[in-house]
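Subject: Handing over the structure

Hello,

Here is the structure I promised to pass on to you. Have a look at it first, and then read on for a short tour of what turned up.

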Amino acid sequence: MMSYQERDIYGMYKSPQFATPLMANGPGPYLMGAETLIGNNVVNKAGQSLGDIKEIMLEVGTGRVAYAVLSFSTYLGLSEKLFAVPWRSLTLDTVQQCFVLDVDVERLKTAPGFDKGHWPNMQDVDWERSVHSHYGSKLS
């Protein structure tokens, strides 16, 4: 997988204004291009791979990043399960150039997930509560 810096076709991360470690929930750029984040690896604190980011979901009315859609391959990579992970549950590891999600693989397997042909209704308050509860994040 390519890192966000390798996907930076516009050279934004070479600019000092984007390289400043001002990110609220960890070191890294204060602003990042969404396209450069698609495909980034996600690992847990033990360094185990949890998959990669397939999509970033924005709340159009507020402009807030709500979720990263994480792809996790199950049994020998034969099937893929998608998970909407609250954006606040991810931290950027600038050394490994990936995101860290503080869950073990078994907990991820039991998270509310879906397949690419059956996306959940992300406006459903009960669905939103269950996702945030599973990852221990607060609703905004």
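A salt bridge, as used here, is a side-chain nitrogen of Lys or Arg within 4 Å of a carboxyl oxygen of Asp or Glu. With that in hand, take E106 and K109, whose side chains meet in a salt bridge with 3.4 Å from N to O.

Before going further, some ground rules. The model is a predicted one, in which local features need pLDDT of at least 70, side-chain atom pairs count only at pLDDT 80 or more, and totals for chains, interfaces and linings use all residues. Residues are numbered from 1 along each chain as its sequence is written, and side-chain values use heavy atoms, with hydrogens and water left out.

**Confidence**

The pLDDT is the predictor's confidence in each residue, from 0 to 100. For the protein chain its mean is 84, and 84% of the residues reach 70 or more. Over residues 22-26 the pLDDT is below 50, and this stretch has 10 contacts in the model beyond near neighbours in sequence; contact means heavy atoms within 4.5 Å. Where pLDDT is low, the predicted coordinates should not be read in detail.

**Salt bridges**

How many salt bridges does the structure hold? There are 5, and E106 with K109 is one of them. Helices (H or I, at least four residues) and strands (E, at least two) are DSSP runs, numbered from the N terminus. E106 and K109 are 3 residues apart in helix α3 (residues 105-109), so about one helical turn separates them. For accessibility, buried means under 20% relative accessible area, exposed means over 50%, and partly exposed is in between (1.4 Å probe, protein chains only). K109 is partly exposed, with a relative accessible area of 41%.

Another salt bridge joins the side chains of R129 and D126, at 3.2 Å from N to O. These two are 3 residues apart in helix α4, which again means a separation of about one helical turn. R129 is partly exposed at 47% relative accessible area, whereas D126 is exposed at 54%.

The side chains of D52 and K54 also meet in a salt bridge, at 3.2 Å from N to O. Here D52 is buried, with a relative accessible area of 10%, and K54 is partly exposed, with 36%.

**Strands and hairpins**

Two strands pair if DSSP finds at least two bridges between them. Strand β1 (residues 41-43) and strand β2 (residues 49-58) pair in the antiparallel sense over 3 bridges.

The hairpin of β2 and β3 has 6 residues between the strands, with G63 at a positive phi near 80 degrees.

Most residues other than glycine have a negative phi. Q97 is not a glycine, yet its phi is positive, near 55 degrees. This residue is found in the loop between β5 (90-93) and β6 (98-101), and it counts as partly exposed at 22% relative accessibility.

**Around helix α4**

Rings of Phe, Tyr and Trp (its six-membered ring) pair if their centres lie within 6.5 Å; planes under 30 degrees apart count as stacked, over 60 as edge-to-face and the rest as tilted. The whole structure has 3 aromatic pairs. In one of them, the rings of Y67 and W127 have their centres 5.3 Å apart and their planes at 65 degrees, so the pair is edge-to-face. Y67 lies in strand β3 (residues 65-73) and W127 in helix α4, so the pair ties together parts that are 60 residues apart in sequence. Both Y67 and W127 are buried.

E128 is found in helix α4 too, which spans residues 125-135. Leaving aside neighbours within four places in sequence, E128 is in contact with Y67 and L139.

Enjoy exploring!

Best wishes
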